[in-house]
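Rough notes, in the order I went.

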Amino acid sequence: MSGVDRERIEAATRELLAAIGESVDRAGLENTPQRVAEAYAEFFYGVGEDPLELLGEGIPLEEGDSGEIVIVRDIALRSMCEHHLLPFLGTAHVAYAPHERVVGLGRIPRVVDVLAARPQVQERLGEQIADAISTGLEAAGVLVIIDAAHSCVTARGTQQARSTTVTLASRGTFADPIQRAEVVALIARGDAS
């Protein structure tokens, strides 16, 4: 989290508070610039981080292993929309068909977290996750589904409080509509339980 310039964020937050007509020295706001700087350091820790480093150490498949589908479902997701710097929250489901190696299951949510921890749009985020898994694991196929609620839709503008956005990115064998449908069905099956 050291890449974020906290002093500049604090100064910008003080200026923003003054710009909306607030007193920066008011008791409830005097520590707000520091809190915002800490939050932004957390929200944007992924800027400049390489998600492929998280996939470097894989486990080779042994002779005769089929490399069946691996699905990590219901990965909690938090990112910041780059258009309004408002959060979007949701769930990512990541599936891949191994080619020659697999990776520890905890690595997949870490890839999602690093890529989400930067100014984003949901459509690009799904594509970046799919590319990272495809490249980092040389996977035969990758599918990423993200279902998220965007504050820029739910809390402002149209104020559609129950609206979510679903995006899908596929690579390799999962770009085939029949194989993609099978994986989507397996992911959806978890929602029914």
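**Ground rules.** I am working with a predicted model, where local features need pLDDT of at least 70, side-chain atom pairs count only at pLDDT 80 or more, and totals for chains, interfaces and linings use all residues. Residues are numbered from 1 along each chain as its sequence is written, and side-chain values use heavy atoms, with hydrogens and water left out.

**Overall layout.** I listed six helices and seven strands; helices are DSSP runs of H or I with at least four residues, strands are runs of E with at least two, and both are numbered from the N terminus. Along the sequence they read α-α-β-β-β-β-α-β-α-β-α-β-α. The C-alpha atoms fill a box of roughly 70 × 35 × 25 Å along the principal axes.

**Contacts and surface.** I took contact as heavy atoms within 4.5 Å. Of the contacts with a separation of 6 or more, 70% join residues 24 or more positions apart. The accessible surface is about 10,900 Å², and carbon and sulfur atoms hold 50% of that; the areas are Shrake-Rupley with a 1.4 Å probe, and for residues only the protein chains shown count as cover. Of the 193 residues, 38% are buried (buried is under 20% relative accessible area, exposed over 50%, partly exposed in between, with a 1.4 Å probe and protein chains only).

**Charges.** I noted 17 positive and 29 negative side chains, with the centres of the two sets 6 Å apart. Lys and Arg count as positive, Asp and Glu as negative, and His and the chain ends are not counted. Each charge is placed at NZ of Lys, CZ of Arg, CG of Asp or CD of Glu.

**Largest core.** Which residues touch the most other members of the largest nonpolar core? Among its 32 residues, they are Val94, Tyr96, Ile108, Leu125, Ile129, Ile133 and Ile146. Two or more core residues come from each of β2 (70-81), β3 (87-97), α3 (107-116), α4 (122-137) and β6 (141-150). By nonpolar core I mean buried Ala, Val, Leu, Ile, Met, Phe, Trp, Tyr and Cys residues joined through side-chain atoms within 4.5 Å. Apart from this core lies another, of seven residues, including Ala95, Leu143, Phe174 and Ile187.

**Ile129 and Gln128.** Leaving out residues up to four places away in sequence, Ile129 touches Val94, Val112, Leu115, Val144 and Ile146. Gln128 sits in helix α4 and is partly exposed because its relative accessibility is 23%. With neighbours within four places set aside, Gln128 contacts Leu115 and Gln120. I also checked Gln128 to Val112: 16 residues apart along the chain, 9.0 Å between C-alpha atoms.

**Helix α2.** Residues 32-43 make twelve, spanning 16 Å from first C-alpha to last, close to the 16 Å expected at 1.5 Å a residue (1.5 Å times one less than the number of residues). Thr32, Pro33, Ala37 and Ala41 are the buried residues of α2, and they pack against α1 (6-19). Thr32 counts as buried because its relative accessibility is 16%; beyond four places in sequence, Thr32 touches Thr13 and Leu17.

Most residues other than glycine have a negative phi. Asp74, in strand β2, has a positive phi of about 60 degrees. Is Asp74 buried or partly exposed? Asp74 is partly exposed, because its relative accessibility is 47%. Gln159 has a positive phi too, about 50 degrees. Gln159 lies in the loop between α5 (151-154) and β7 (165-172), and Gln159 counts as exposed because its relative accessible area is 54%.
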